[in-house]
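User: I am new to this structure and would like a guided look at it. Could you take my questions one at a time?

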Amino acid sequence: MLSRSHRSPNRSGRPRSAAADTAILLATRAALVELGWSKLSMGDVAARAGVAKTTLYRRWSGKNELVVDAVAVLFDEIEVHDRGSLSADIEGVVLQFAALLERPETKTALMAVVAESTRDDALRDRIRTAIVDRQKGLVLKGRERAQARGELPYESDPGAAARKADLIFDVIAGAVVHRTLVSAERVDEEWARDFTLLLVAGLGAAGERAGTSRP
């Protein structure tokens, strides 16, 4: 089912069907894997999903929006589970993220929308709001949990805290995407552990330099 952040603006007419949304997004990912971005069409997706093409256009204005939402739903599967420590929490997210990127439908869809977004500012903005901004919430949740455990210092400057959260997200996402999709190397438990040690050491050093403490 689409989360609130992924739903298109409400339009007049009959209520949306969650089952139809699920079928459409599943069909979109399947079509991307089989046909690729350039050959993907709203008509083909509608046929695969067993709905009228007008049903798609009531929900999405075009295939750009449709494909981003099809990818965004997959990223909603990633969760920050409480595994008892900051390091363990990060390792868990890294392994989930890598496993998601190894799936053909995720890999094909993500690479397609990112490539297309280099020529389409509106598509880039939609990727940011539907995928990136939402996933940054995982960083905030993980940091709050680590602060409550005393593993990370509380920060009194909201602006600095937001910038650091952005940086943490960029480091994790960039490293995992590069290794998985660019270098075509596996993210196994050993790599995730080594990467996490490096990241946590950097976070600790940054906290010491900032000299922040719990208010």
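This is a predicted model: local features need pLDDT of at least 70, side-chain atom pairs count only at pLDDT 80 or more; totals for chains, interfaces and linings use all residues.

User: How many helices and strands does the protein have?

Analyst: The protein has 9 helices and 0 strands. Helices (H or I, at least four residues) and strands (E, at least two) are DSSP runs, numbered from the N terminus.

User: What share of the residues is buried?

Analyst: Of the 215 residues in the protein, 41% are buried. Buried means under 20% relative accessible area, exposed means over 50%, and partly exposed lies in between (1.4 Å probe, protein chains only).

User: And what percentage of the contacts join residues at least 24 apart?

Analyst: Among contacts between residues at least 6 apart in sequence, the figure is 67%. A contact means heavy atoms within 4.5 Å.

User: Let us turn to helix packing. At what angle do H5 and H6 cross?

Analyst: The axes of helix H5 (residues 86-102) and H6 cross at roughly 85° and come within 5 Å. Axes are lines fitted to C-alpha atoms, for helices over the stretch in contact, and angles run from 0 to 180 degrees between N-to-C directions. H5 and H6 are therefore roughly perpendicular to each other. Angles under 35 degrees count as roughly parallel, over 145 as roughly antiparallel, 65 to 115 as roughly perpendicular and the rest as oblique.

User: Which residues meet there?

Analyst: From H5, Leu-100, Leu-101 and Glu-102 meet Pro-104, Thr-106, Lys-107 and Leu-110 of H6. By class, this contact of H5 with H6 has 4 nonpolar, 1 polar and 2 charged residues. Here Ala, Val, Leu, Ile, Met, Phe, Trp, Tyr, Cys and Pro count as nonpolar, Asp, Glu, Lys and Arg as charged, and the others, Gly among them, as polar.

User: How do H1 and H6 pack?

Analyst: Helix H1 (residues 18-35) packs with H6 at an angle of about 80°, and their axes are 9 Å apart. That makes H1 roughly perpendicular to H6. The contact of H1 with H6 has, by class, 5 nonpolar, 1 polar and 2 charged residues. Arg-29, Leu-32 and Val-33 in H1 meet residues of H6 including Pro-104 and Ala-109.

User: Staying with H6, is Glu-116 buried or exposed?

Analyst: Glu-116 lies in helix H6 (residues 104-117), and it counts as buried because its relative accessibility is 18%. The side chains of Glu-116 and Trp-37 are joined by a polar contact of 3.3 Å. A polar contact is a pair of N or O atoms within 3.5 Å; within protein, one must be able to donate a hydrogen and the other to accept it, and residues adjacent in sequence count only if both atoms are side-chain atoms. Leaving aside neighbours within four places in sequence, Glu-116 is in contact with Trp-37 and Leu-123.

User: Now H7. What does Gln-135 contact?

Analyst: Gln-135 is in helix H7 (residues 121-149) and is buried, with a relative accessible area of 9%. Apart from neighbours within four places in sequence, Gln-135 is in contact with Phe-75, Asp-76, Ile-78 and Phe-169. A polar atom of the Gln-135 side chain lies 3.2 Å from the backbone oxygen of Phe-75.

User: And which residues does Lys-136 touch?

Analyst: Lys-136, in helix H7, touches Asp-166 and Phe-169, not counting residues up to four places away in sequence. The side chains of Lys-136 and Asp-166 make a polar contact of 3.1 Å.

User: How many residues does H8 have?

Analyst: Helix H8 (residues 158-182) has 25 residues and reaches 34 Å from its first C-alpha to its last, close to the 36 Å expected at 1.5 Å a residue. The expected span is 1.5 Å times one less than the number of residues. Among the buried residues of H8 are Ala-161, Ile-168 and Phe-169.

User: What is at its two ends?

Analyst: At the start of H8, a side-chain oxygen of Asp-157 reaches to within 2.9 Å of the backbone nitrogen of Gly-159. Just after H8, Ala-184 takes a positive phi of about 55°, although Ala-184 is not a glycine. Ala-184 lies in the loop between H8 and helix H9 (189-210) and is exposed, with a relative accessible area of 62%.

Note on methods
Residues are numbered from 1 along each chain as its sequence is written. Side-chain values use heavy atoms; hydrogens and water are left out.
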